[in-house]
Amino acid sequence: RKVSEVFLKKKFINKFNFDVKKKLIVYLPTLSSQKKRVIENSVSELENLSAYYNLIVRPHPKDKDLDKQKYKLFRKSKLKLDLYDGRNTSELISASDLIISDGGSTLLESIYLKKKLIIHNWQKNENLEHLDKRLTDKNRLDIIIRANLPGKDNLNDINYIKKVLNDKSLIKKIKKLRSRYFSDNNKNLAENIIKKKFKYENLLG
């Protein structure tokens, strides 16, 4: 597994012409509707973050059709975007030193792959009444797990990002979450890693 991670990291560093000395952060947002102001703030924060770290942003593939405004704002940004339709996101997760996400299956895959995570709590800048129900449904496994992970509503806090990257205790917490919620009995990640007490069809709403 470790050899594969090294190979994948080199692959993305070469693809995006990154500095090999910098840590690799991958931003993987879930599908969600956001106000233009919130999207613009996120883009600005991510552009700032990219000055300190190698940063790959992969917009949710469905945003291209379901949230054209968000998709266009990301496309117009200075961010390094991964827009390859056939991308296996587990490759991006495996290559990373840190994943930043706001929910969905990314959280589950990242924990399964034992990767450090930060929750992007952009929802704090939105009217809660306008949020998609699946972003607040406390019965969803990703929402349950969110409460056990470090989170930040403003990604401009570079010192916080650095602290999480260097936090060895976080990996121990991730491993405990993995042990609690996932099983290694089957290789099919998306459909079979969830222990029987949770139904996969309820994970993503």
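Figure 1. Glutamate 91 counts as partly exposed because its relative accessibility is 23%; buried means under 20% relative accessible area, exposed over 50%, and partly exposed in between (1.4 Å probe, protein chains only).

**Figure 2. Helix H2 and its buried face.** Helix H2 (residues 36–49) has 14 residues and spans 20 Å from its first C-alpha to its last, close to the expected 20 Å at 1.5 Å a residue; the expected span is 1.5 Å times one less than the number of residues. Its buried residues are Val38, Ile39, Ser42, Val43, Glu45, Leu46 and Leu49. Down the axis of H2, these buried residues fall within an arc of 165°, so they line one face of the helix; the arc is taken over the directions from the helix axis to the C-beta atoms. They pack against strands S1 (24–27), S2 (54–57), S4 (98–101) and S5 (117–120), and against helices H4 (68–76) and H8 (158–165).

**Figure 3. The enclosed helix H6.** Seven of the eight residues of helix H6 (residues 105–112) are buried, so the helix is largely enclosed by the rest of the structure. The buried residues are Thr106, Leu107, Leu108, Glu109, Ser110, Ile111 and Tyr112. Just after H6, lysine 114 adopts a positive phi of about 60°.

**Figure 4. Lining of the largest cavity.** The largest cavity holds about 80 Å³ of space; a cavity is a set of points, on a 1 Å grid over the protein atoms alone, where a 1.4 Å probe fits but cannot get out, and lining residues have an atom within 4 Å of a point. Arg58, Pro59, His60, Pro61, Lys64, Tyr71, Asp82, Leu83 and Asp85 line the largest cavity.

**Notes.** Residues are numbered from 1 along each chain as its sequence is written. The model is predicted, with local features requiring pLDDT of at least 70, side-chain atom pairs counting only at pLDDT 80 or more, and totals for chains, interfaces and linings using all residues, while side-chain values use heavy atoms, without hydrogens and water.

Key: Helix = DSSP H or I, 4+ residues; strand = E, 2+ residues; numbered from the N terminus. Contact = heavy atoms within 4.5 Å. 1 Å grid on protein atoms, 1.4 Å probe; cavity = no way out; pocket = protein on both sides within 12 Å on 5 of 7 lines; lining within 4 Å. Points joined across faces, edges and corners; volume = space filled by probe spheres on them.
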